[in-house]
There are 2 protein chains.
Amino acid sequence: MFSSQFKSEALVRYNKIFKALQASDADALLINTNVNIYYTAGLIFSGYIYLDKSGNLFYFVKRPVGLQGELVVYIRKPEEIPALLQEADVPMPKRIALELDYTSYSDITRIAHVFKDAEITNGSTIMRNVRATKTPYEVEKIRISAARHEAAYGHIEAMYEEGMTDFELQIEIERRLRMEGCLGIFRVAGPSMEVFMGSLLSGNNADVPSPYDFALGGSGLDESLPIGCNGTLIKQGSTVMVDLCGNFTGYMTDMSRTFSVGQIPELAHRAHATSRNIHETLRAMARPGVAAAEMYNTAYDIAAKAGLSDYFMGHTQHAGFIGHGVGIEINELPVLAPRSRDILAEGNIIAIEPKFVIPGTGAVGVENTYLVTGNGIECLTNFKEEIIPLD
Amino acid sequence: MFSSQFKSEALVRYNKIFKALQASDADALLINTNVNIYYTAGLIFSGYIYLDKSGNLFYFVKRPVGLQGELVVYIRKPEEIPALLQEADVPMPKRIALELDYTSYSDITRIAHVFKDAEITNGSTIMRNVRATKTPYEVEKIRISAARHEAAYGHIEAMYEEGMTDFELQIEIERRLRMEGCLGIFRVAGPSMEVFMGSLLSGNNADVPSPYDFALGGSGLDESLPIGCNGTLIKQGSTVMVDLCGNFTGYMTDMSRTFSVGQIPELAHRAHATSRNIHETLRAMARPGVAAAEMYNTAYDIAAKAGLSDYFMGHTQHAGFIGHGVGIEINELPVLAPRSRDILAEGNIIAIEPKFVIPGTGAVGVENTYLVTGNGIECLTNFKEEIIPLD
């Protein structure tokens, strides 16, 4: 079933999941969401992956036709699973972990009925924790995304023309990202956050609050998608913050850069410098064992001491975090927020995005994606961090 | 809270939902998904809409800040709802309908605990049925999407250059769609189907089976998103089927057209003519009261009599439907499938997509979006239906 380069990686990931299952209170884990099937199998199929504490593993596949492999069993519906386990002499689990946080109530109820004698526990937690520390294979995928993300951003300066709207500029950047191989899709865990290819914010639109839990808002082009650019003219004296999709390999990088048109106020320059200062401080303190909440508090304190709290992570509405894990999805662990209990660990990939919204001007700041190494962090998104004049 | 043009529409939709709630076995309905909040309120907020059979209505809003209106009540968490209902002298429901099909097990469990004395019923069914028949306001939104969709497709002929890959052509069409105002986002109900801006299929890639339940497959650009174009060169003697995103207004049109490069086999021409023949036949039979399954069977019979069953709705893997409702999402009711129990009703918007996959050549056929009127159906996507030569 696996591509040749994924064969050994499949085993690495299986072992990570198996260990996490061993450490949990469940006997078995049933994976059904696309992202976790992709994580575990290196490809997406419609169906279920079943693992248990005795080391049994099955890929129960509904679609596509034609997958081959020792552990592949084709099914039409989940109700066939118990008989198939029995055939294979695999005992039914007493406690089964299911993806409760990302599977609908109706689907879980159906699966629970299939394992009707088993108690249900939360497999979403298991998979979230497993995925929080990346394997070297995953880090390599993210490095490739970073390089292409950087290459696409390198074209932005040349794209701007006077009189452009935020949407017009975004369209050209989107095209360039796609030409560099961007897959376009922007995966967010859970159904409550929606975005197309990321956001580009300029002028007052940067201060429009959004229903979504992203770092910044923007009114969007339509009531049906209230986030990001809104067709506003990019005016003299405004900034343009570009935070567009870095998914080139199934693994995303998250990178924001600030551009400017004409003279922007000293406050905007000062806030941007403070964002860079926060990055520098966090780069120096981050290493395995450091609390994610401490990272947040440090960033917040720097902004406060600079007298910039009112603008930090939004102005009319403030975001409650300054960074987040990133990988297959844009909102993985750890979360850099005041009440986060996450502790940095080697292999975490985190986006850090101390941003400021300056009313009338736009957003400023830098966002980078970092790898937590054995003794520090390494920046994966290397692109000039100054405010870049477009004119 | 509502924009001025949505005020009277909000009442129309509220009445539709209220009637459906009256006809259900629930006392109250709690709406929490983005699409159903958008449907009901004309905008998206993070929070809940609560309606009951006595005519009470509340917008419990978490984000964004600043929404105003008589019925808006800001909350931080759903646990505050019972006390707020009590304050307003609204009795707690005995049976509450929740969006069980599209809300996670964890979230429903939390909400069920908030309404801990109430029995839970399925509100997803209520909302799916309400949304299946569109209001004149919605039809107007879809007409606008159709016009822009047509305008973008009008540029495709001029975009092709010899030596292009499927991906390169798709990038240029995506850009044109965006320039016409496409919102990009392609909403699919449920988390199991993923796609970026739709699909463009050429040559053998059209016959690669997909895990997703779309009409056709394609291997995609990466294992993480196995659908659509795969970077294949558009060869002489192949077709290019374009099925790209028609969401310009929050409401989508679905339209596919077939293009060709060089001479394509007679079989492909014959299958394309059969697709057009199916459209003609279904246009003549479709009206309120006709069974969706009968539409499917009629289409299937025409394909079979033409000796084309092996290629109909896929070749290596076949899709189990020939059409579907469309609106805010791409997979609404009714479903045109053999075991569908849906009956066409005035106000349904349906995409009909009889397609054929010709091995070695690509996909052929036409997809249009239709409005079911009082006595027939009206085609909303009017664009030439012949196979259009690109060279």
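Predicted model: local features only at pLDDT ≥ 70, side-chain atom pairs only at ≥ 80, totals over all residues.
In the contact between them, 46 residues of chain B meet 46 residues of chain A. On the side of chain B that touches chain A, at least two residues each come from α2 (34-41), α4 (105-114) and α8 (166-179) of chain B. The helix that gives the most to this side is α8(B), with 5 residues. Sorted by class, the residues on the side of chain B that touches chain A comprise 22 nonpolar, 16 polar and 8 charged. Of the interface residues of chain B, 100% are also interface residues in chain A, so the copies meet through the same surface.

Helix α8 (residues 166-179) of chain A packs with α8(B) at an angle of about 165 degrees, and their axes are 10 Å apart. Angles over 145 degrees count as roughly antiparallel, and α8(A) and α8(B) are therefore roughly antiparallel to each other. Their crossing is right-handed. On the chain A side, the contact is made by Ile171(A), Glu174(A), Arg175(A), Arg178(A) and Met179(A) of α8(A), and on the chain B side by Ile171(B), Glu174(B), Arg175(B), Arg178(B) and Met179(B) of α8(B). This contact of α8(A) with α8(B) holds 4 nonpolar and 6 charged residues, with no polar ones.

Attention now turns to the layout within a single chain. The domain assignment divides chain A into domain 1 (4-131) and domain 2 (136-389). Taken over C-alpha atoms, the centres of domain 1 and domain 2 of chain A are separated by 34 Å. Where the domains touch, 8 residues of domain 1 of chain A are in contact with 10 residues of domain 2 of chain A. On the domain 1 side, α2 (34-41) and α5 (123-132) of chain A each supply at least two residues. The residues of that side of domain 1 of chain A divide into 4 nonpolar, 1 polar and 3 charged.

In chain B, helix α1 (residues 7-22) and helix α5 (residues 123-132) have axes that come within 10 Å and cross at roughly 135 degrees. By this angle, α1(B) and α5(B) are therefore oblique to each other. The crossing of α1(B) and α5(B) is right-handed. From α1(B), the residues making the contact are Lys16(B), Ile17(B), Ala20(B) and Leu21(B), while α5(B) brings Ile126(B), Asn129(B) and Val130(B). By class, the contact of α1(B) with α5(B) contains 5 nonpolar residues, 1 polar and 1 charged.

In chain A, helix α9 (residues 266-285) and helix α10 (residues 292-305) form another such pair, with axes that come within 10 Å and cross at roughly 145 degrees. Here too the crossing is right-handed as α9(A) passes α10(A). The contact draws on Thr274(A), Asn277(A), Ile278(A), Thr281(A), Leu282(A) and Met285(A) of α9(A), which meet Met295(A), Thr298(A), Ala299(A), Ile302(A) and Ala303(A) of α10(A). The contact of α9(A) with α10(A) includes 7 nonpolar and 4 polar residues, and no charged residues.

The peptide bond from Arg63(A) to Pro64(A) is cis, with omega near 0 degrees, and Pro64(A) sits in the loop between β3 (57-63) and β4 (72-74) of chain A. Another cis peptide bond, also with omega near 0 degrees, runs from Leu333(A) to Pro334(A). Pro334(A) is placed in strand β13 (residues 332-336) of chain A. In chain B, Asp89(B) is not a glycine, yet has a positive phi of about 60 degrees. Asp89(B) belongs to the loop between α3 (81-87) and β5 (95-98) of chain B.

Notes:
Residues numbered from 1 in each chain as written. Chains lettered and ligands numbered in written order. Axes fitted to C-alpha atoms, helices over the stretch in contact; angles between N-to-C directions. Helix = DSSP H or I, 4+ residues; strand = E, 2+ residues; numbered from the N terminus. Parallel < 35°, antiparallel > 145°, perpendicular 65-115°, else oblique. Left-handed = near helix turned anticlockwise from the far one by under 90°. Contact = placed C-beta atoms within 7 Å. Nonpolar A, V, L, I, M, F, W, Y, C, P; charged D, E, K, R; others polar. Domains from an automatic or database assignment.
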